[in-house]
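Subject: Structure handover

Hi,

Here is the structure for your set. My notes follow it.

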Amino acid sequence: MNEGAPVRLVVVQPTPYCSLDCAYCYLPFRNDRRRMTLDTLDAIGRNLLASPLVASEIDIAWHAGEPMTVPPEWYRDAFEKLAANAPDKTLRHGFQTNGIHIDPTWIELWRAYNVRVGVSIDGPARLHDARRRTRAGGGSHALVMRGVDALRDAGQAFHVIAVLTADALREPDEVLDFFAGLGAVEVGLNVEEIEGVHGESSLAGDDIERLYKRFLSRAIERADPGLRLREVEGVRWLLSAPPEVRASNPQVSPLAIVSVSVDGKMSTYSPELLGTPTTRWDDFAFADVHREGPEAILENPVFMKLRADIERGVVACAQSCGYFTVCGGGAPANKWFELGDFAGAETLYCRLTRKATLDAVLEAWETANG
Amino acid sequence: MNPLLFALIIAGSPANSGLIEPSAVAERTALEERMAALQERGVSDAGERVAQWNNWYNGFQNWPNWRNW
Ligand code: SF4
């Protein structure tokens with residue numbers, strides 16, 4: 001089993017609060033307006049980033065709440081403090097945002113610190129507004145598009161994450177027309193997941209795998225010059241990756257990903273786990289960054305039990321699944337939220353994002369290449 | 001997990017293990033063959049993905065980690 005460390009990705013929750021109220025949101029505390037203190041940031045730099053268990057180049061994803069509900073000045077201080085406390089490390093910051101707060105001040109900040117920006121948009125207004133709603137219950141599409149216009153005007157590169165619901169899968173051309181003209185560097189297609197407090201998915205129906213594959217085939221067939229899909233590029237990458245890289249999976253490797261909550265609790269494996277209320281797993285909080293480094297996670301007895309369960313799940317995948325050599329055992333968060341068991345194997349999530357994706361993309365290329 | 005067991009599972013060879021369900025072995029073999037055939041026909045990444053997006057897509061942004069946290 002891959003030991004995981006060094007830590008390559010740190011997911012930091014600047015606030016649990018989100019300014020939208022999306023129908024499929026998995027975050028349990030999105031009304032909580034707390035903001036990470038500078039003390040906690042200081043500790044993240046000193047005890048986590050500077051640790052020898054952390055790689056020399058680290059991605060820091062500001063996420064698990066809407067990062068842009070904390071002001072840009074806060075991030076200036078945060079970026080400087082982290083860099084000062086981990087002087088030997090190269091930090092690469094990334095935001096995944098709902099997009100409704102983007103303005104020139106933010107773009108200036110992102111430019112200054114070379115921040116990677118991802119905006120969440122589900123397609124044209126009809127589809128986006130059905131799920132991505134404001135707290136007053138209205139649609140958010142117009143607000144997001146104002147932000148996208150600001151990005152485009154400033155020449156700021158951005159990628160997009162779109163959550164596909166069953167409605168979107170039924171209208172591939174409507175969705176693809178929209179993204180083909182958007183100007184994003186790449187569009188990632190997430191599926192509506194059963195996760196956290198979102199206990200059901202419009203994708204749980206019988207016909208969904210066929211619709212999902214048809215959606216991807218249609219995208220490949222159209223070959224829009226302005227549209228680069230993460231799913232298609234991911235499979236292209238797989239074709240040339242060496243076998244041991246294909247099967248490596250940081251979501252099942254301890255410490256490869258470390259998540260830090262607003263109050264400095266640390267976790268590992270799938271970032272969605274941290275903060276999920278569960279007495280059995282101590283809310284997946286295994287160490288406190290104010291007092292200790294990432295090695296403390298490995299010594300936590302609850303973590304050790306979790307690790308054993310996750311490894312059993314990887315073995316179950318390895319023994320039963322024809323896609324294991326290109327998946328490496330999936331996403332523990334989805335196993336937990338869907339099956340209630342980390343030791344399980346197949347989920348709706350992996351049937352779509354791994355199996356159906358590979359099937360659809362390979363089939364489309366085989367057809368295109370005779 | 002026992003690293004040897006893991007290596008056997010990754011290798012996925014039916015001769016090695018007997019640990020893996022035969023249907024999974026057959027599926028893996030078929031998948032590997034299809035991927036190799038496509039690569040032979042020139043469908044490959046050739047580093048383009050990494051180069052184009054400013055190095056942000058390192059291993060952690062590639063399959064199977066497709067959420068872009
Ligand atoms: S595709 Fe699903 S069942 Fe197969 S290895 Fe991945 S998570 Fe496990």
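A:D283 is partly exposed, with a relative accessible area of 36% (partly exposed lies between buried, under 20%, and exposed, over 50%; 1.4 Å probe, protein chains only). A:D283 sits in the loop between β8 (265-268) and β9 (287-288) of chain A. Helices here are DSSP runs of H or I with at least four residues, strands are runs of E with at least two, and both are numbered from the N terminus. The phi of A:D283 is positive, near 55°, and the residue is not a glycine. Most residues other than glycine have a negative phi.

Before the rest, the ground rules. This is a predicted model: local features need pLDDT of at least 70, side-chain atom pairs count only at pLDDT 80 or more, and totals for chains, interfaces and linings use all residues. Residues are numbered from 1 along each chain as its sequence is written, chains are lettered from A and ligands numbered from 1 in the order in which they are written, and side-chain values use heavy atoms, with hydrogens and water left out.

A:A223 also has a positive phi, about 45°, and is not a glycine. Its loop runs between α8 (208-222) and α9 (230-240) of chain A. A:A223 counts as exposed, because its relative accessibility is 53%.

Next, the strands. β1 (residues 7-12) of chain A is mostly covered, with 5 of its 6 residues buried. β1(A) runs parallel to β2 (residues 54-62) of chain A, and 5 bridges join them. Two strands pair if DSSP finds at least two bridges between them. In this pairing, A:V10 stands opposite A:I60. β1(A) also pairs with β7 (residues 257-260) of chain A, in the parallel sense, over 4 bridges. There, A:L9 stands opposite A:I257.

β1(A), helix α1 (residues 38-49) and β2(A) form a right-handed β-α-β unit. Right-handed means that, with the strands pointing away from the viewer, the path from the first strand over the helix to the second runs clockwise.

Last, the ligand. Which residues are around it? They are A:C317, A:C321, A:F324, A:C327, A:G329, A:G330, A:E346, A:C350, A:R354 and A:K355, where near means a heavy atom within 4 Å. Two or more of them come from each of α13 (324-327) and α15 (348-368) of chain A. The largest share, 3 residues, is from α15(A). By type, the shell has 5 nonpolar, 2 polar and 3 charged residues. Nonpolar covers Ala, Val, Leu, Ile, Met, Phe, Trp, Tyr, Cys and Pro; charged covers Asp, Glu, Lys and Arg; the others, Gly among them, are polar.

Best wishes
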